[in-house]
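Visitor: I would like to learn how to read a model such as this one, feature by feature. Could you take me through it slowly, giving the general idea before each case?

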Amino acid sequence: MTRSGLRINPAANDVYILFVAEEYTAVGEMLVPKRLIDLDDELLAAARRELNTTGIADTVRTALQQAVAKSARARQIEWLEGGGLAGLADRSERDDVWR
């Protein structure tokens with residue numbers, strides 16, 4: 001599927017039109033842009049085995065999701081280690097949270 005758009009330069013006396021075309025593909029119910037990237041075949045095969053995925057897009061998507069989730073978990077652990085729940089040690093504060 002191709003999506004295109006027109007961009008006009010309103011600051012100029014003349015109107016300049018730029019034609020933009022991007023390829024999109026459906027992933028579930030979303031349209032996502034196609035990307036052309038270089039991949040190491042051996043690394044891709046290893047990732048596919050580790051992630052138990054079947055295709056290139058599935059492998060890359062799963063690896064990206066896992067990388068994002070890993071970073072989020074690391075931030076949450078850092079927050080907890082820094083006393084993120086310390087306020088809940090006080091019963092009155094804890095009761096306020098549950099009201």
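Guide: Let us begin with surface: accessible areas come from the Shrake-Rupley method with a 1.4 Å probe, and for residues only the protein chains shown count as cover. On that basis the chain exposes about 8900 Å², of which carbon and sulfur atoms supply 55%. This is a predicted model, in which local features need pLDDT of at least 70 and side-chain atom pairs count only at pLDDT 80 or more, while totals for chains, interfaces and linings use all residues. Residues are numbered from 1 along each chain as its sequence is written, and side-chain values use heavy atoms, with hydrogens and water left out.

Visitor: What is the mean pLDDT of the chain, and which elements have the lowest and the highest mean values?

Guide: The term pLDDT stands for the predictor's confidence in each residue, on a scale from 0 to 100. Here the mean for the chain is 80, and 78% of the residues reach 70 or more. Among the elements, strand β1 (residues 2-8) has the lowest mean, 48, whereas α1 has the highest, 95.

Visitor: How many helices and strands are there, and in what pattern do they follow one another?

Guide: Helices (H or I, at least four residues) and strands (E, at least two) are DSSP runs, numbered from the N terminus. The chain has three helices and three strands, and along the sequence they follow the pattern β-β-β-α-α-α.

Visitor: What share of the residues is buried?

Guide: Buried means under 20% relative accessible area, exposed means over 50%, and partly exposed lies in between, with a 1.4 Å probe and protein chains only. Of the 99 residues in the chain, 5% are buried.

Visitor: Where is T53, and which residues does it contact?

Guide: Contact means heavy atoms within 4.5 Å. T53 is in the loop between α1 (41-51) and α2 (56-81), and, leaving aside neighbours within four places in sequence, T53 is in contact with R48, D58, T59 and T62. T53 counts as buried because its relative accessible area is 9%. T59, which is placed in helix α2, is buried too, with a relative accessible area of 2%. With neighbours within four places again set aside, the contacts of T59 are L44, A47, R48, L51 and T53.

Visitor: Which side chain makes a polar contact with that of T53?

Guide: A polar contact is a pair of N or O atoms within 3.5 Å; within protein, one must be able to donate a hydrogen and the other to accept it, and residues adjacent in sequence count only if both atoms are side-chain atoms. The side chain of T53 makes such a contact with the side chain of T59, at 2.5 Å.

Visitor: What is found at the two ends of α1?

Guide: At the N-terminal end, D40 caps α1, with a side-chain oxygen 2.8 Å from the backbone nitrogen of E42. After α1 comes N52, with a positive phi near 55°. Most residues other than glycine have a negative phi. N52 has its positive phi although it is not a glycine, and N52 counts as exposed because its relative accessibility is 70%.

Visitor: Which residues does P33 touch?

Guide: P33, in strand β3 (residues 30-33), touches E23 and Y24, not counting residues up to four places away in sequence. P33 and E23 are 10 residues apart in sequence, yet their C-alpha atoms are 5.8 Å apart in space. At 29% relative accessibility, P33 counts as partly exposed.
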